[in-house]
Structure formats: C-alpha cells, structure tokens
Amino acid sequence: MRRRLIRILLILLLFPPALAAVGGWFFGPAFLHPVRRELTPDLIREAHATFAQIGARYEEYDVRAPDGILLRGWKVRPANPNGDWVLVFHGVADNRMGVLEHARVLLLAGYSVVMMDARAHGASEGPIATYGWLERDDTRAIIDVLESSERPRHLFALGESMGAGIALQSAGLDSRIEAVVAEASFANLREAAYDYAGLRRYPWLGKTLLAPGTWTLIYRGESIAGFSAAEVSPEKSVAGRAFLVFLICDADDVALPCRHSERIYAAARGPKQLWVVPGAFHTAALGFRPDEFRRRVLSFFADNTASSRPPENLRH
C-alpha cells in the first residue's frame with residue numbers, strides 16, 4: 001500500500017511537468033509561425049472609408065528588409081499634417097488593420113503615420129516572426145526609406161502587444177525614434193513564456209510546476225530561429241538607450257499582465273510614464289478609455305520631443 005501511494009504521488013508530481021515539457025516542445029514552432037490574418041479586400045475597403053472620412057490620403061508603402069523579404073504597408077498623410085510621423089505597430093497574429101483606430105487618433109491630430117504588416121504577418125513576406133530580433137532591423141529599413149522621401153520633423157512610434165515590444169526594441173537600436181507609446185508589451189520572451197505556460201492566468205505555475213514547458217518552448221524556438229531568446233527584450237532596450245517612454249498596461253490583462261510593463265518601467269533610463277487602465281483587458285485602453293487615451297497619447301507626443309524639456313517620471 002505504501003509503495004502504491006508513493007507511486008501515485010510520483011505520478012501526480014511528475015506528470016504535469018512532463019506534459020508541460022511535451023507541450024512546450026510542440027508549441028515552439030507555432031510560437032514562431034503565428035496565424036496569418038490576411039489583408040482582405042473588405043479590410044482594405046474599410047481602411048479606405050476610414051481615411052476618406054477624415055480627409056487622410058494613403059499610398060502603398062513597400063520596403064525591402066535587410067534579409068531581402070518584402071514588407072508591405074501604407075504611408076498615410078492627414079488632412080492637415082504637422083510635420084511629425086508615427087510608426088504604428090500591430091500585435092501578433094494580426095495585420096495593420098489592428099491599429100487602424102490608433103492611426104485615426106493620430107491622423108486627426110495632424111500626425112502622418114506608417115502602418116506596416118510585420119514580417120510573417122498580413123501581406124508581408126517572411127517565414128517566421130521573431131518578436132523584435134529581426135523586426136528592429138526591419139524598422140531601421142522602414143525609417144531609411146521614409147527619410148529618403150519625407151523630412152520628418154520628429155519621429156515617434158506606437159505599438160500594441162507584440163508591436164509594443166517591437167517599437168521599444170526598435171527605439172533601443174535606432175536613435176531616430178524619439179519617443180514610444182507601448183501598450184501591453186512583454187518584458188522579455190522568457191517572462192512572456194511563463195504566462196503562456198501558466199495558462200495565461202497563473203504565471204507562478206509557469207515558473208514552478210510547469211516550468212519545463214517554458215524551457216522546451218524557448219529551447220526549440222531558439223533552435224529553429226537561430227537567435228537567443230534572452231536578446232529579445234524590450235526591458236533591455238529601454239535600459240540600453242535613454243529615450244522617452246509612455247507605457248500603458250491594462251489592469252485586467254491576463255495575456256501580458258501589468259508586471260511586464262512594470263518591469264520595463266523600472267528598467268527604463270529615460271523619462272518615462274506608466275498608465276494603468278482600470279478594467280481594461282489586453283490592448284483595450286482605447287476602447288475602455290477613448291477620451292483619456294487620446295488626451296494622454298497626444299499630449300505625450302506633443303510635449304515630449306527631442307527639443308522639449310524632459311518630463312518628470314510619472315506613474316499613475
């Protein structure tokens with residue numbers, strides 16, 4: 001009886017970690033190959049109607065990435081441009097239409113915007129998504145092409161979820177990006193993996209009982225993609241270069257909880273702000289608090305340019 005009990009206890013203790021390890025191994029490729037949301041004719045018509053409604057003009061904007069893949073997007077000018085440009089980055093398994101409303105807010109305020117499909121997303125080419133490892137070099141190429149045809153007075157970035165992480169890592173690499181608004185960014189890939197291994201509700205599980213799922217997911221992803229997961233880190237980027245950062249975390253976010261934004265905030269060397277949005281779920285700040293979102297984001301871009309006096313660090 002005693003041996004049987006010991007055997008049962010061992011099974012109960014070892015089965016969840018073993019199952020998690022297998023799950024992490026099989027999920028590794030899916031992590032690098034997110035579902036591709038196609039840019040359909042209906043979505044294009046929706047965008048056209050939105051831009052026409054506010055008097056904005058858009059054009060196709062194709063950029064060749066450093067590794068040769070073609071990135072596709074739009075360059076959009078408002079009715080009354082103020083001379084500043086904002087690079088707008090969408091989330092995982094989405095395309096440029098996922099940030100259409102954010103672009104509308106910016107266009108109505110006079111900002112010109114660049115809306116690109118990230119590599120392996122939408123209409124852009126690319127075999128895998130790397131969550132900032134290759135995308136930050138893509139951003140540099142996008143800016144190079146933009147500056148060859150435009151003369152941005154100031155250049156900013158705004159991103160949601162994966163796009164927030166890409167925006168922060170891009171700004172860490174390229175000093176031409178003066179300020180970043182980042183909603184629901186991941187702090188680093190390993191920390192994000194803990195949330196997914198913990199079933200997006202119990203990250204402590206991903207760090208303890210189900211930790212083997214995190215280890216195998218990261219290991220297999222690194223093996224396939226050929227880069228170190230430790231280097232995909234918005235947290236490191238804000239610590240490496242001091243630039244203006246406005247972090248938004250959604251209080252009820254279970255996909256990438258507020259601890260990610262809090263870690264980035266703690267690591268940031270430059271002037272920084274953190275806004276916790278009560279009741280909002282993942283990337284829903286604009287939907288939950290539209291007026292406050294507009295006011296905060298537009299004030300941040302208007303007040304915090306390279307020529308402005310840096311603001312006090314704020315957390316609220």
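Predicted model: local features only at pLDDT ≥ 70, side-chain atom pairs only at ≥ 80, totals over all residues.
Colleague: How many disulfides does the structure hold?

Modeller: A disulfide is a covalent bond between the sulfur atoms of two cysteines. The structure holds one. Cys-249 is joined to Cys-258, with 2.2 Å from S to S.

Colleague: Are Cys-249 and Cys-258 buried or exposed?

Modeller: Both are buried. The torsion about their S-S bond is about 90°, so this disulfide is right-handed.

Colleague: Which residues have the most contacts inside the largest nonpolar core?

Modeller: Leu-87, Leu-168 and Val-180 do, in a core of 53 residues. Helix H5, residues 162–173, supplies the largest share of this core, six residues. Another core lies apart from it and has 37 residues, including Val-76, Val-99, Leu-100 and Leu-107.

Colleague: With which residues is Val-180 in contact, leaving aside neighbours within four places in sequence?

Modeller: Val-180 touches Ala-157, Ala-167, Leu-168 and Ala-171, and also Phe-243, Leu-244, Val-245, Phe-246 and Phe-300.

Colleague: Where is the place of Thr-130?

Modeller: Thr-130 sits in the loop between strand S4 (112–116) and helix H4 (135–149).

Colleague: Why is Thr-130 counted as buried?

Modeller: Buried means under 20% relative accessible area. Thr-130 is buried because its relative accessible area is 1%.

Colleague: What lies 2.9 Å from a polar atom of the Thr-130 side chain?

Modeller: The backbone nitrogen of Leu-134 does. Beyond neighbours within four places in sequence, Thr-130 is in contact with Glu-135, Phe-227 and Val-232.

Key
Residues numbered from 1 in each chain as written. Heavy atoms only, no water. Disulfide = S-S within 2.5 Å. Buried < 20%, exposed > 50% of the residue type's maximum accessible area, 1.4 Å probe, protein only. Core = buried A, V, L, I, M, F, W, Y, C linked by side-chain atoms within 4.5 Å. Helix = DSSP H or I, 4+ residues; strand = E, 2+ residues; numbered from the N terminus. Contact = heavy atoms within 4.5 Å. Polar contact = N/O pair within 3.5 Å; in protein donor to acceptor, adjacent residues only side chain to side chain.
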